[in-house]
Amino acid sequence: MGYIPHSPAERSALLREIGAASVDDLFSTVPRAVYRTEPPALPAPQSEIELRRGMAAMAGKNADGSRWASFLGAGLYAHHSPAFVSQLLLRGEFLTAYTPYQAEVSQGTLTAIYEFQTHVALLTGMDIANASMYEGASAFVEAVLMAERLSKKRSKVVVSKGVHPEYLTALGTYLANFPFQIVQVPLGPDGRTDAAALAAAVDETTFAVGLQSPNVVGVVEDWQAAADAAHAKGALAIGAVNEMFSLAVLKAPGHAGMDIACGEAASFGVPPSFGGPLVGFLACRDAFKRQIPGRLVGRAVDAQGHEGFCLTLSTREQHIRRERATSNICTNQGLMALAATMTLSALGKNGLRETAVQCLSKAEYFKALVKAKAGAGPCSLAFAGPTFNEFALRCAVPVDTVLSALEAKGILGGVPMARIAPREGAWKDLLLVAVTERNTREQIDRAAEVLRSIR
Amino acid sequence: MSDTSAPGAPAARTDRRRREGSLFDLSHPGRTGVALPPLDVPAIDPPALFGSAHRSEVAGEVEASEVDVVRHFTRLSQLNFAIDTALYPLGSCTMKHNPRINEEVARLAGFSDVHPYTAEHLVQGALELLWLLEERLKTLTGFARVTLQPSAGANGELAGTLMIRAAHVARGNARRHILVPDSAHGTNPASAHFAGYSVIELASNARGTLDLAELEAKLTDEVAALMITVPNTLGVFEENILKITEMVHAKGALVYLDGANFNAFVGKVRPADMGVDVMHMNLHKTFSTPHGGGGPGAGPVGVGPALVPYLPTPTVERDGEVFRLSYDRPGSIGRMRTFHGNFGVLVRALTYIESYGNTIPEVAEAAVLNANYLRKRLEPFYHLKYDAPSYHEVVFSDRKQAAGGIHNIDIAKRLMDYGFHPPTMSFPLIVPGALMIEPTESEPKEELDAFADAMIAIAKECQETPELVHGAPHTTPVGRLDDASTAREASKPGSFAPVLRAPVR
Amino acid sequence: MSTYPDDRFYTKSHEWVRVEGATGTIGITDHAQQELGEVVFVDLPDVGELFDAGQEFGTIESVKAVSEVFLPIAGEVVEVNKTLVDEPGAVNEDPYGDGWLVKLKVTSDGDMAGLLSAAAYEKFVEEEAKG
């Protein structure tokens, strides 16, 4: 039955060898009051034929990016994933292996993680990166906790409201029981974090400043200004990125003064999958490596001088340092980090740039249509600040009206800011529109035409 | 040094099929592995738009063709050991077969190519799936609700302990401590710490289970919860679990169950019936989602009525035939992460649960049967510190072999030469030289026998040819790596390349 | 055979202290370094920090273990062994010499009460092994 190999005869033989009369004998130390001899109230088992039918029926009820023109982003961007990536992820040697604690039989996974660490370090302009975090929000939280440990006895973290609202909610959740204060700095009229307010919020009790670029409304931030504000008071600067293709055309956080970079790397070949599994990352300067959370892979040699890779600096982690560990993370996003590594390898230096330029050019094309004389009906650009591949529209009619009109033409038009930040009244008429290399000019023209038709 | 190569063939470790290295060393300027359609809108010149914020290239990035990349990663895969190859007896990790129908279903475009912020009326199937999985897990655990949001087991532990804290805060006192047995997984004390609690360790008794006198002594009014693993990391069921949960509740504290070992009793015991208030489940263990070389996992958390007000948001609710996301939970701890959890992992887990349906107790039965069979075969050859009945795993130690200078690590490495992955060795901390073996229900008798034969052969080698064991492994792509030198080098200030990443060439 | 130098005192947590004038030099014992395995990193306090006797002042790490180290006597840190940054293995190779950890300005009048002599420490280690 199912995936259990024993025939009834083999099962009896095993019981006989053990000296047990029945399977129930093996559970003799379970209190009888809770031991269930009746099957659970679940349906009958399903074969592959039935599973395919039932699951496909559920999948068929969802609007997917292969049938719809999608402009959804807001922290997760649907880029092209090369065909070989999904297929190589199915290789059992990757798929069904455990965390590579036993280096001699895990060189495939270990080498790939070393490459992932290198890709993330290069993209972010940092010295080192870890083997992955769960996703962007928890990576951001871990970066803040890491900065606090490095600061010794400071108590305040200053974050821009341009950081994804779900990252900020998660930060509140994780920090709820620590004596730390979280101060939020608003965005200015151009969509960038208010630089003066940021500098004013940072003081000698501040251990970190957190900024995201492009930020949640798509606007490119000034890393250096935030880093300078942090460093002026002895705090560390954390740069969050969740559209990693931006780093092919925009200055890296590590090249502009930031101390820790973190965020979401799912743009590289990881399908959106209704929000997970994705792949968080955390990178930093060499000087902070002893406080980095999560796994790290290092280069090593064996007794014969053969080069290989192994997990290293493990004493930071929970299985050794327990309650004094840098994080409680154990299982991470290994296979998704592998997907990102394979995608980055295929894109390479040139593909990264070409994809980024396509995203940028198509987003600018869409913005130009909105700004053109013919306009976009009730929608206008909300912010003047520079953007990469996502921008906010301000809608003079309810955002839902705009989305419904687009939906009628097969278009998933964008993410209402009210959905991700329901408490921010000033954002309730904003619609976030993201464009990737998967979007065509025809889709953009069609969307603009729908917007113009809205009365 | 032994070698399995045929005469005249290159030695294993110089064979190019077994030596790959990093792709950063195999890069060729000008190559690329992805082709995009021609740009169908006017090209933007990034420096013109971004000025000083512009970056002209990601220096040091790889340049390779699709052939280069596919070959590189295929070769890398061949350097890994995996469940698909043979028994993978890592205790506590539940390395069971990963059914491929799960992978196929998770790759349906209607699941994989769906954005989490798609309007709710356009993702009714995805919301239905989340609702259905929660129902299934409620049935199997007896809990009032289950949050599917946590990304992995440790993330679930943190969510659970944060909810415990929120419940105590609502009653007026957060309390200060969480009790954790000395046999616990390392994530337990780490998670308790990140929820703001200090950890008090409970010494195990001679059977390896919780000592009731020790619990009584340490169970003060300042204890917020007991975190307990059932069966514990020795594979032993806490016979007194009902008494334990009663004692903890009598002090106003809550019981957290680490569900890492749910595979031992899924369908046979509902944790809520034992008095457990909150428990995480590792879907990548009990519910067969692939470990993927270190993730992704998923760590749903089931809670009893007392903790329902504090669940992370959003939850999925059903109104008649319509499914919706609900953020209406004023006491919520907030969010563990973005979006709705590791949805793709949840799809796989539901597919697995539906494949067994009401026969799922057979999973636990076969897992316990297999572990006991291995125990029976290996007991004459390896020391068993705690001889209480075993469930899904059995923890031997190297005590008999250590007398001759051979330790668990040597036995583990020698197992690789026999074609098996080693058992878990790093814990439980109460068994020095641990060899923690969990075969899972996936293994047929002949594979269990092959593994037992290998372990027995190694026990003989420890006496007759100990140098063979000491020097193992002999047949893997690399020998034992000098991880001390790597850690020393990685610890030095400024040493990051090439030890922790490839240098920019 | 006595393996422990008798020009210094020992603790039950396996540190040693050698006092010369007002300066105490602290390290871990040969037994401790053997138990720990290959030392890969040593985390030490800053010069100027003050500690009580018995207080944790740093950690010593091997590949798979972290060990806290405790001061046998009270004092102010006047020097830390900076060579351990590049050569942490000195703790293994020469625990009583080049592998020293910190030097203290002794604040407790050199009070060695409660510390073990070399002979007493050796006996303690033997008993611990039996225990």
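Strands here are DSSP runs of E of at least two residues, numbered from the N terminus, and helices are runs of H or I of at least four. The model is predicted. On that numbering, B:Pro314 falls in the loop between β7 and β8 (315–319) of chain B. The peptide bond that joins B:Thr313 and B:Pro314 is cis, with omega about 0 degrees. Chain B has another cis bond, from B:Gly295 to B:Pro296, where omega is near 5 degrees. B:Pro296 is also a loop residue, placed between β6 (278–281) and β7 (301–303) of chain B.

Positive phi values in chain B were examined next. B:Phe339 has phi near 60 degrees, a positive value in a residue other than glycine. The loop between β9 (322–326) and α10 (343–356) of chain B holds B:Phe339. B:Phe339 has 24 C-beta neighbours inside 10 Å, so this residue counts as buried. B:Thr440, likewise not a glycine, has a positive phi near 70 degrees. B:Thr440 lies in the loop between β11 (434–437) and α14 (445–464) of chain B. Around B:Thr440 there are 27 other C-beta atoms within 10 Å, and the residue is therefore buried. A glycine with positive phi is B:Gly196, with a value near 90 degrees; B:Gly196 follows α7(B).

Helix α7 of chain B spans residues 187–194 and is mostly covered. Of its 8 residues, 8 are buried. The buried set runs through B:Thr187, B:Asn188, B:Pro189, B:Ala190, B:Ser191, B:Ala192, B:His193 and B:Phe194.

The contact between chains A and B was then described as a whole. It involves 169 residues of chain A and 176 residues of chain B. On the chain A side, helix α12 (residues 334–371) supplies the largest share, 23 residues. By class, this side of chain A has 88 nonpolar, 52 polar and 29 charged residues.

Chain A itself contains 15 helices and 15 strands. Its radius of gyration is 25 Å, close to the 23 Å that the globule rule gives for 455 residues, so chain A is as compact as a globular protein of that length. Along the principal axes, the C-alpha atoms of chain A fill a box of roughly 85 × 55 × 50 Å. Buried residues account for 64% of the 455 residues in chain A.

Two domains are assigned in chain A. Domain 1 takes in residues 69–81 and 349–453, and domain 2 takes in residues 84–342. Taken over C-alpha atoms, the centres of domain 1 and domain 2 of chain A are separated by 27 Å. Their contact draws 27 residues from domain 1 and 28 residues from domain 2. On the domain 1 side, the elements that give two or more residues are α12 and β12 (390–395) of chain A. Helix α12(A) gives the most to that side, with 7 residues. By class, the domain 1 side has 18 nonpolar, 7 polar and 2 charged residues.

Within chain C, C:Val125 is found in helix α4 (residues 118–130). C:Val125 counts as buried because 20 C-beta neighbours lie inside 10 Å; the cut-off for burial is 20 or more. C:Val125 and C:Lys12 are 113 residues apart along the chain, and their C-alpha atoms are separated by 8.4 Å.

Notes. Residues numbered from 1 in each chain as written. Chains lettered and ligands numbered in written order. Predicted model: local features only at pLDDT ≥ 70, side-chain atom pairs only at ≥ 80, totals over all residues. Contact = placed C-beta atoms within 7 Å. Nonpolar A, V, L, I, M, F, W, Y, C, P; charged D, E, K, R; others polar. Rg over C-alpha atoms; globule rule 2.2 N^0.38 Å. Buried ≥ 20, exposed ≤ 12 C-beta atoms within 10 Å, placed from the backbone. Domains from an automatic or database assignment.
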